[in-house]
Amino acid sequence: MATLNVLVLASLLYVVLLFAVAFAADRAALHGRGAWLRSPWIYTLSLSIYCTAWTFYGAVGFAARSGLEFLTIYLGPTLIMIGWWWTLRKLVRIGRSQRITSIADLISSRYGKSNLLAVLVTILAVIGTTPYIALQLQSVTLSFAAFAEADPNASLGDASSTALWVALGLTLFTILFGTRNLDANERHHGVVMAIALEAVVKLFALLAVGIFVVWGIAGGVSETFARIDASEIARWDVPGSRWVGLTLLSAAAFLCLPRMFQVMVVENEDEGHLRTASWAFPAYLMLMSLFVVPIAAIGLDIMPAGANPDLFVLTLPLQEGREGLAILSFLGGFSSATSMVIVAAIALSTMLSNHVVMPVWLRMTGGTGIVVSGDVRQVALLTRRLSIAGVVLLGYVYLRLSSGGAALAAIGLVSFAGVAQLLPAMLGGLFWRGATRIGALTGLLVGFAIWLYTLFLPSFGPSVILSQALLEAGPFGISWLRPRALFGVDGMDPLVHAVMWSMLLNTFSFIAVSILSFPKPLERLQGAQFVNVFQHSATTGTWSGGLAQSEDLLLMSQRILGAAEAQSLFSKAASRQGLSGYLPEPSPDFLQELERELSGSVGGATAHAMISQIVGGATVSVQDLMAVADETAQIMEYSSQLEAKSEELARTARQLRAANTKLTQISEQKDTFLSQISHELRTPMTSIRAFSEILRDGKGLSEADGEKYSTIIHDETVRLTRLLDDLLDLSVLENGQVVLNTQTGSLSDLLQRSVRAAQGEEGQLEIKYGQIDQNIVLTTDLDRLAQVFINLITNARKYCDAKEPVLTISTQRQNGQLIIDFVDNGSGIPADMHAVIFEKFSRISHARVGGAGLGLAICAEIMTRLGGSVGIVPAQGGSAFRVILPPATVSQATSPAA
Amino acid sequence: MTKRVLLIEDEPNIIEAVSFILSRDGYDVKTHSNGHDAIEAVLARAPDLIILDVMLPGRSGFDILRDIRANEQTADLPVLMLTARGQDTDRDMAERYGASQYMTKPFSNADVLATVRDLMTP
């Protein structure tokens, strides 16, 4: 009796065998000994991951339930391989020339390298694949359960724990072989080899069971046919819509399934392999389906009613007591399930890490992490491993949620319909240059939403996610939105209904929006590259070095890297090749190394374009030129930023210079001022000191002299005091610390008071009054204004050089202002002095009459504070000073002042 | 023989004071109070020593000094410079242009007398 233990042991041994095969293949590939790895047969066998546990177990169940309908699942891929091989060839060619890593990469690449699109496809693929992975886990769990039932000694325990163990085992295997290395072109020799082996095992197992059933149970071919004719399967009651729909669906899925894309395009070693696969893979499918109907018919015949037809392949041998065959059959199913999960997890993890996690990580770290290239590798590897675990776990969760209720085939079809949504965007991208990113996005979103609503969410069964009421009456009671009767189309098969609406609206919106929108330049370019891939050069990957180009390369490299670095790079390469001097052979290795070096300086695209121009082996593609243009644009952008920066710098420098000039001026002014102050102070001090010493000595001093000198000392002291007062006054005025004492008073009073104060006792100056409006009343700081008047009158008294000095004071109104002129009859002030006369310590003549040279400076400051001004009016006969008061301070008294 | 001193200075009080102390000590003091024709005054008076102010109306004392030194007849005359500005640059200028001595106002009468006496001692 085959116990469960034997089964577990056999499974473990089988897994170890797979490990060994994968490991050996990886090693062989690493050491370049893997010519046999690149056989078209391996490629064809690897395609057989299309046949999952669903096909292995489910096809029989499918046949048992729906007759020949199961054939559609094989028909679709067969038609594609035979009739559409040119599409596949185009896909493979594009995949290789564009270094495509996944279906998400393909679609995003085609539509202008749109990451948004890549993320969308990735999410779609993950959601679409999840039920499929759940399906595989379920099949392995069910087959274990079938053995457990047949073995009275063993109890399997909870079925879900088995599924969990299977999920963990698959995760481990996938991580070990799917992420051992990060190959640029994402090829996994070990995994492909293991899958090829599994393909052989499952075919062999299914054929063995079939042969056993036909000859061992039924007793021969004719007996078998008799039984088939007798069974319900023979009845041809397949609805045409479902037949066509399913064939189409399986064909679409064959092209769009992430795992199929992985083995067909990404893992493809040679385009020529497709030629073999185009007939060999349909043949494989035919063999796989050969015994499905006999097994189903005989299973239905001899198995007890209620037995799960999905497990006939396993339960029939068990029923007949063929444990060996049953174990083989189990291994076949196990192979189907594991190979699917492994490849799907690898494909999805590549998408997740390349399009979702890495962009986010790079953005979060701000690209700072890329300094050490190893960092990125580590992060990428970790991301892939976690993604693999996540994807398998998601399948497990789906299994738990859907509680394994639906039949295998049903789950599989839900997945197919989901990934089929990628078809319009993919095929459109391959054959229609007008397809745009926005169109693809819209189509995908529309198709995906309808699929979710009409098929995926209802697939959990009523009341799991969508309520029973919603399924029957539609959301909010809107009947034409019922998930299974969209737009009122009722009575269709739910699957065909969902596929029809989702694909129809997907394709329609894709085409419509593409026509209405305009592609960006990169989209246009990529579109041309994809659609016309066969016109473009097939060799973009490696360089083929010509001769006598090394010198040109060195010349170019020196320009970019600098002479020393370029020469050292070249001479090292030369010595590695066993040559002396600076010129190595332009071998592909060297050229690639050089391209890397140059990329560091000028960007990848430029480096590629430069080398290809010199080596000439590969023509510069439009894409190269576009990339160069992009880089140039970036550089221009950068340099315009620099320009703006330097503009800013220049502006700052100008401002600094201006500030500095101003500071220098101020400093010079300060020095001049100090020197003047020093002079003004020292002169009276000198007199005081000299005369006080003379007085002290008393030698040869007459009384008259003594008196005279004492007077000088006194006068000089007074002068010093006045100077200090003026200085303080000026300082207060200049600092704006002065507090104005505003009063109201008559202008004529103020003038008379000023004249009295200025005249002193001497009274040599005659004052004449011209026109004076007696009614003018001033509201201002009258004391300060009087100070100005006194100063001006005093100046006239001191400096007027007329024999009979006369000062005429007159007033007038102009635009509300009050103008007061002080004009004397002297020789006036030279014109060149007008500009400086109000500055500190400037004097009209050097002759000293007792002023310190601060008077007019103070006057000017005072008038500024009062809101007016004081200035010189030229050509008035003598010195003419004009004081102007603002309108606000001037008013007219109602009655004439006394 | 009485030594002749020419005082070139524009400040009346200082002229008065310096004239007084030098006359008292037996010098023949002549004065001149502007810069315009100072060099002519020097040539006309042919003094034994010149006391020269820096800030003069018309012409700077330094310019006058340079002319004195440039003229053969007066090149060796002792010149005592007086300045009220008291800055190092003035002292440097005085030295550069060949002043025999340099004094800052205010000065002590005794110092002026001693300096004048020193400068005229062969």
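The model holds three cavities of 30 Å³ or more. A cavity here is a set of points, on a 1 Å grid over the protein atoms alone, where a 1.4 Å probe fits but cannot get out, and lining residues have an atom within 4 Å of a point. Grid points are joined across faces, edges and corners, and a volume is the space filled by probe spheres set on the points. This is a predicted model, in which local features need pLDDT of at least 70 and side-chain atom pairs count only at pLDDT 80 or more, while totals for chains, interfaces and linings use all residues. Residues are numbered from 1 along each chain as its sequence is written, chains are lettered from A in the order in which they are written, and side-chain values use heavy atoms, with hydrogens and water left out.

The largest share, four residues, comes from α3(A). Six of the lining residues are nonpolar, one is polar and none is charged. In this scheme Ala, Val, Leu, Ile, Met, Phe, Trp, Tyr, Cys and Pro count as nonpolar, Asp, Glu, Lys and Arg as charged, and the others, Gly among them, as polar.

Further along chain A, helix α6 (residues 103–110) has eight of its eight residues buried, that is, under 20% relative accessible area with a 1.4 Å probe and protein chains only. Among them are D105(A) and R110(A). G112(A), with a positive phi near 70 degrees, follows α6(A).

Two strands pair if DSSP finds at least two bridges between them. Four bridges link β1 (residues 743–746) to β3(A), and in β3(A) T780(A) is the bridge partner of Q743(A). Three bridges join β3(A) to β8 (residues 890–892) of chain A, where L778(A) stands opposite V890(A) and V777(A) has S891(A) as its bridge partner. Strand β3 (residues 776–780) of chain A is mostly covered, with four of its five residues buried.

Key:
Buried < 20%, exposed > 50% of the residue type's maximum accessible area, 1.4 Å probe, protein only. Helix = DSSP H or I, 4+ residues; strand = E, 2+ residues; numbered from the N terminus. 1 Å grid on protein atoms, 1.4 Å probe; cavity = no way out; pocket = protein on both sides within 12 Å on 5 of 7 lines; lining within 4 Å.
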